[in-house]
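Subject: Structure handover

Hi,

Here is the structure for your files. Please open it next to the notes below.

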Amino acid sequence: AEQSQKKAYAAIDSILKSEAALLMSLHIAIKAYKEPLLSATGDSSTFILDVETVGKIFGPVEEILQCHELFYAALTARTMTWTVEQKVGDIFPSSFNRKEVLKNYSDYVNNFTTAIDLLSKAIEKKPRFVEFMNQCYRKSGTSLNLQALLLKPIQRFPQFIMFLTVSFQHENTYNYGGGEGKMAPLIHTLHII
């Protein structure tokens, strides 16, 4: 039983660490790229991309960030009071099976190809944009470029699904509370699997 509990702690710790990395990536996408791009839309001397294009590239990234911040806070709070009977599986559907979350994630996923296409065209046709992106990349403090940062939310649900599937197989041991089955509508809605 103690070995099983250690595995459960390790699994949750892994989710917390990867969630923290996602939060950092989203913050960087917003602070190092989106906000500077938006501040360079008004004045013709600093114009790089129009506001509409910037909006299409980033989609509802702030809403996605907020959702994950709430999830991270809920999961962290639950692990602070961890007991043998403690469940965490219920946090997944309560965090992600809400109508506004489904809409924001669906919009983000469905817009992703368009966003990457817009980035690619701007890189191909606008030398000033390339220079700007290189400056943002250097200032960002990460080895990931904007495309990779924007991909992070797309990758997150498959990671959760894998985690919950493995966890569900060991529900009595890990005591995850059956969150996997409640994630099915979300998985279906986003067409991730």
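Start at Phe58. Leaving out residues up to four places away in sequence, Phe58 touches Ala29, Tyr33, Lys34, Leu37, Tyr108, Leu146 and Leu150. Contact here means heavy atoms within 4.5 Å.

Before going on, two notes on the source. This is a predicted model: local features need pLDDT of at least 70, side-chain atom pairs count only at pLDDT 80 or more, and totals for chains, interfaces and linings use all residues. Residues are numbered from 1 along each chain as its sequence is written, and side-chain values use heavy atoms, with hydrogens and water left out.

The core

Phe58 is also one of the residues with the most contacts inside the largest nonpolar core, along with Tyr33 and Leu150. That core has 47 residues. (A nonpolar core is a set of buried Ala, Val, Leu, Ile, Met, Phe, Trp, Tyr and Cys residues joined through side-chain atoms within 4.5 Å.) Two or more residues each come from helices H1 (2-39), H2 (51-58), H3, H4 (91-96), H5 (99-125), H6 (127-140) and H7 (146-169). H1 gives the most, with 14 residues. Helices are DSSP runs (H or I, at least four residues), numbered from the N terminus.

Helix H3

H3 covers residues 61-80, which is 20 residues. (Expected span is 1.5 Å times one less than the number of residues.) The buried residues of H3 are Val61, Ile64, Leu65, Cys67, His68, Phe71 and Leu75. They fall within an arc of 160° seen down the axis, so they line one face of the helix. The arc is taken from the directions from the helix axis to the C-beta atoms. Leu70 and Met80 are exposed on the other side. Buried means under 20% relative accessible area, exposed over 50%, partly exposed in between (1.4 Å probe, protein chains only).

What does His68 touch? Its contacts are Glu19, Leu22, Leu23, Phe96, Tyr105, Arg156 and Phe160, again not counting residues up to four places away in sequence. His68 counts as buried because its relative accessibility is 0%.

Helix H6

H6 has 14 residues and reaches 20 Å from first C-alpha to last, close to the 20 Å expected. Its buried residues are Phe129, Phe132, Met133, Cys136 and Ser140. They cover an arc of only 100° around the axis, which puts them on the same side of H6. Pro127 and Arg138 are exposed on the face turned away from that side. Gly141 follows H6, with a positive phi near 75°.

Best regards
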